[in-house]
Amino acid sequence: MNSIIKSEQLQNGVLVLTVTAPAKYNALSIVALQELEQELDSAVKDKSVKAILLTGEGDKAFVAGADIAEFKMLPIAESKAFAETGQRVMGKLENMPVPVLAAVNGFALGGGCELALACHMRIASENAQFGLPEVKLGIIPGYGGTQRLTQLVGRGKALEIMLTGNPIKAQEALRIGLVNEVVPLEQLIATSVALLSQMIDRAPRALAMVLKAVGAQGRPDGYEVEASAFEECCQTADFQEGVSAFLEKRPPVFTGR
Ligand code: COA
């Protein structure tokens with residue numbers, strides 16, 4: 001049983017993972033990171049998990065960063081491995097074959113912002129704030145933030161955010177393309193589940209192949225990955241079903257095969 005990452009699977013296959021450490025604004029300790037990795041490792045093998053929603057407990061914070069108290073005990077010799085561990089877990093999140101949505105319910109700072117960035121999409125509540133304040137502590141983002149924020153919002157804006165360390169509010173995050181949508185806090189989970197539910201209705205293999213191809217964006221083999229993913233979809237029964245259903249003017253019944 002996890003102590004920090006609570007998991008609950010909804011009936012339609014959405015796995016809700018909630019970071020639960022409200023006394024420290026859901027700061028992501030090393031144990032929390034390990035628990036998250038375990039959850040992702042089991043979710044990737046579990047065919048009943050159709051999508052993942054990641055959020056934080058309460059109405060203050062999504063995740064306010066790595067646990068700063070643990071930095072005090074971090075030996076220099078282990079600092080690179082510390083970042084690499086975080087990068088590995090964020091990479092697992094990004095490479096999930098099912099849609100992963102961050103429902104950002106408050107502060108998403110430092111490692112918390114990087115966690116949201118590693119999700120495929122983000123919906124924020126009106127009170128959410130995003131930032132990479134690491135330079136205020138004398139470090140830099142180490143869980144992939146330098147790469148993912150730059151890719152998402154462009155170099156100039158990403159550098160402004162990382163070099164000042166100042167947070168931005170939800171509406172500004174929306175304006176620069178950091179989040180997909182901003183909604184009142186009380187509608188955050190329902191809106192997020194509704195968006196994931198639309199995706200769950202589509203052909204599962206096609207979803208996985210979109211995620212794989214988009215994951216290859218910017219790589220030299222990006223177009224090759226897309227063409228191979230297209231070919232893989234063409235071999236599925238769901239492709240036959242999707243085309244037949246369209247021609248027969250009926251809703252498709254996808255089986256994931
Ligand atoms: N790690 C460990 N503890 C954290 C934390 C973090 N990243 N973020 C918040 N907390 C703890 C605070 O120490 C405080 O604990 P206490 O009540 O035992 O003193 C509690 O959470 C509430 O935080 P507090 O600062 O009192 O709340 P606030 O509303 O005034 O400010 C923040 C909220 C998020 C702006 C502020 O806590 C903050 O700047 N946190 C650090 C963010 C950061 O630098 N993250 C990047 C880390 S790499």
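Q: In this predicted model, how far apart do the C-alpha centres of domain 1 and domain 2 lie?

A: The C-alpha centres of the two domains are 27 Å apart, and the contact between them draws on seven residues from domain 1 and four residues from domain 2.

Q: Which stretches of the chain make up these domains?

A: The domain assignment places residues 5–200 in domain 1 and residues 204–247 in domain 2.

Q: How should I read the area buried between domain 1 and domain 2, and on which atoms does it fall?

A: Buried area is the accessible area that two parts lose on being put together, summed over both. Here domain 1 and domain 2 bury about 440 Å² between them, with 65% of that area on carbon and sulfur atoms. On the side of domain 1 that touches domain 2, the residues divide into five nonpolar and two polar, with no charged residue.

Q: Turning to the ligand, which residues are the closest to it?

A: The ligand is surrounded by 16 residues, of which the closest are Lys-24, Tyr-25, Ala-64, Ala-66 and Ile-68.

Q: Which atoms of Tyr-25, Ala-64 and Ala-66 face polar atoms of the ligand?

A: A polar contact is a pair of N or O atoms within 3.5 Å. In the side chain of Tyr-25, an N or O atom is 3.0 Å from an oxygen atom of the ligand. With Ala-64 the backbone takes part, one of its N or O atoms lying 3.0 Å from a ligand nitrogen atom, and a polar backbone atom of Ala-66 is 2.9 Å from a nitrogen atom of the ligand. Taken alone, the ligand exposes 860 Å², of which the protein buries 55%.

Note on methods: Residues are numbered from 1 along each chain as its sequence is written. This is a predicted model: local features need pLDDT of at least 70, side-chain atom pairs count only at pLDDT 80 or more; totals for chains, interfaces and linings use all residues. Side-chain values use heavy atoms; hydrogens and water are left out. Domain bounds come from an automatic or database domain assignment. Contact means heavy atoms within 4.5 Å. Buried area is the accessible area (1.4 Å probe) that two parts lose on being put together, summed over both. Ala, Val, Leu, Ile, Met, Phe, Trp, Tyr, Cys and Pro count as nonpolar, Asp, Glu, Lys and Arg as charged, and the others, Gly among them, as polar. A residue is near a molecule or strand if one of its heavy atoms lies within 4 Å of it. A polar contact is a pair of N or O atoms within 3.5 Å; within protein, one must be able to donate a hydrogen and the other to accept it, and residues adjacent in sequence count only if both atoms are side-chain atoms. Accessible areas come from the Shrake-Rupley method with a 1.4 Å probe; for residues, only the protein chains shown count as cover.
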